[in-house]
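Please open the model in your viewer and keep the selection panel at hand; the stops below move from one set of aromatic rings to the next.

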Amino acid sequence: MDGIPIKTFTVGSKLLALYALASSEDSVFVVIPKSGERDTFQLVSVKLTKAAGQDLEAKELSVVLHGVGASPKSIAFGREGEYVASVKDLNLQVYFFKQKQLNRFSLSAVKTKGGNNHFTCVACHPTEDCIATGHADGKIRLWRNFYHKKEYTFSTLHWHHDTVMDLAFSIEGTSLLSGGVESVLVLWHNGSDCRKDFLPRLGSPIEYISMSSDGALCCTLHTDNRITIINSNLRFSKCIQGLIKTMDVKTGLVVDPRTKALVLNGEPGHLQFYCLQSDQQLFSLDIVQRQYIHQAGLKQTDLVKVAFSAQGKWLATVEERDEVTDPELQLKLWFYDEETQSFKLNTRINMPHEDHVTDMCFRDMDELEDDSLILVTAGRDCVFKVWVMVEDTDPEAQQSVSWNCDFVGSYHNYQATNCCFSEDGSVLAVSFEETVTVWDSVTWDLKCTFCHPPGKIRNICFGRLTCSKYLIGATDHGFLCCWNLLSCALEWSAHLNILVLQPDPLSEYIAAVSWLSKESSLFVFKPNEPRPIYIQRNLCKEKIQLAAFIPRDEPETVGSEKYLWLRRSQLFFLTDTQELMTLSTKSLEERLTPSSKQLAVEESLPVTPFSLLLGKHRCQQSQQDIDLGKRVVQNKHEQDSPAVKELLHTPAHVLPSASFLCPIFINSLLISKENKSAEVAADEVEMESEKAEDESDEERDITEMEQEDTSPMELLGEMTCKLSKSQEKELRKIRKTDYSWISAF
């Protein structure tokens, strides 16, 4: 059993396979849910039918093992596919294909020293009858003689202090690799507890381990969406890192005004600045500045809130640590240093609020950033606080300015939940449970209040540009409300369970994402119009928790009016499974080959006689094609296929599925009927001309031989030799030969 077949298949008419594990010549082993049960899975053998197509329906299947784990690392096949081992909870079961025998082993009957002995992963030795299992207590057990139910033996290896997440044998079977939450790859030599090597500080817990077919490389997949390539001598080789996956994105999706990067939680205690165009992490900023300890149940300091000033010169962060009695809170203000091109800590404020900080925002005014920059924080201690910059009078202070609290506001002792400034910065809106309050940002007088019971205010935002007089709010009881600030009245309301409310900073449009009947839907509207301009039902099956508008470098050309809201900004979503998605008006082929990523041949390549000859041939070939008025297939293939470009120049971890790329690749290889007919017509003209030339070649050759002048100057080579018609004909055929394959070198 080696490899997984490329063909896709369904089991029955409704039941789909979860994943394929291994394959033989005529069958494939897959894990599927047990019929009629939700959380029970089974390993089945599916007999493949001979079909020419890529997709087929598998009708014949036989159950191999019942009650298997849902993870691929809970099942492993033994040497030469003679048996399969499966682990789940406290049970290990081994099925022998030839003998059709099933042996079960349970750790509950084994005398152990206590602890959590649940099985977490399994791996089989490639050449010997040995099964390695990982456990939740950090132990590794090597099982032998498992052909016999009563005479089996096992030995124990122990280094990990927590769950063993995955195991992998080397190709020769001389060593065993293990990984867990410690972010350390452990290499066990010959199954010995005394001989082991380590590769530490891999960044995050190791979730999967895989060996290359030749044994030269090892690959580890980490919980933060990172892939690490490691040499066989346990030396770090390369890291593939896209968007870092975290346990919970508490900071939300924030846009850095300076780089237009997406900013959110990264490594524990860090902020990641992620470039959406290049799918790369620009840099990671250590906010907490403490060593993170990978231990379950340990309360550690976490980053929860982030806000940027309008120009990106200032960054505000809030970090907290949950305690049984009182939480530990810190508000930090960072200033961007142009010399070092990084943020430097300016002010640290311990316990800015007596309870958790619920929201934070800067006054978003470009012209006032240097003069009167304001930061507002809201907390569960029933107040919001206004922070301003003041000159530091301490002569020993390293910073010329620092931040102090200037005003504290409250409303009937209600918890402050959200805050935001209007576009011109003149008023501040703060929500207190079911009430929205509006404050003057100069005098801090309470101007008006809006209330729409029942339900607490979940999100609030101001309209922009022509809709700046409107205030939008969403409640947790399923209402979307729009208030007019001039008339202090409710303009309109809609019954929608809005989870995300995100305004576009460059237009009047506001995006609202609802969650209903286990599906997320998108509504885009202007506050002055109660009817949405764009509705996308069933946007995805996952719950969308966060969204952000990313400004475009250049406005995009939009063909339809309903997509005008995507002209200047692009909307991105983050689901509860931490999948980042976006909406696009372009087709898949256009998105795969953006003009900014077109690759050109480097001009710095050395010039050689061969390259000069090849360049001259290409010029002659293109000129002949123009003269004949035909479009050759070579020129068509010189325009690389979008699918090929995507496969060659895009990181593998962000490639679309093969089902999307294959149709584009196949279509790029097809020749249209118009081109084909033009080529056929040109070939017929060329055949007629060659036939006419053949009839007169013999007569012309005789005439040329009689007119030859063997003068001394020609014999010395100072005059150009003339070719006969037959020689010119042969040369013309050589020139028409396709040498495009040379360009591959």
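**A tour of the aromatic rings**

Begin by selecting Phe384, Phe407, Tyr411, Tyr414, Phe432, Trp439 and Trp444, which form one aromatic cluster. This is a predicted model, in which local features need pLDDT of at least 70 and side-chain atom pairs count only at pLDDT 80 or more, while totals for chains, interfaces and linings use all residues. Residues are numbered from 1 along each chain as its sequence is written, and side-chain values use heavy atoms, with hydrogens and water left out.

Searching the whole structure gives 35 aromatic pairs (rings of Phe, Tyr and Trp, the last by its six-membered ring, with centres within 6.5 Å; planes under 30 degrees apart are stacked, over 60 edge-to-face, the rest tilted). Select Tyr83 and Phe146 next: this pair is edge-to-face, at 5.2 Å centre to centre with 65° between the planes. Because Tyr83 lies in strand β8 (residues 83-88) and Phe146 in the loop between β13 (139-144) and β14 (153-158), the pair ties together parts that are 63 residues apart in sequence (strands are DSSP runs of E, at least two residues, numbered from the N terminus). Tyr83 is buried at 0% relative accessibility, and Phe146 is buried at 2% (buried means under 20% relative accessible area, with a 1.4 Å probe and protein chains only).

Move on to Phe119 and Trp143, a tilted pair at 6.4 Å centre to centre with 35° between the planes. Phe119 in strand β11 (residues 119-124) and Trp143 in strand β13 are 24 residues apart; Phe119 is buried at 8% relative accessibility, and Trp143 is buried at 1%.

Finish with Arg258, whose charged end sits over the ring of Tyr336, 3.9 Å from its centre (CZ of Arg, or NZ of Lys, within 6 Å of the ring centre and within 35 degrees of the ring normal).

Methods: Helix = DSSP H or I, 4+ residues; strand = E, 2+ residues; numbered from the N terminus. Buried < 20%, exposed > 50% of the residue type's maximum accessible area, 1.4 Å probe, protein only.
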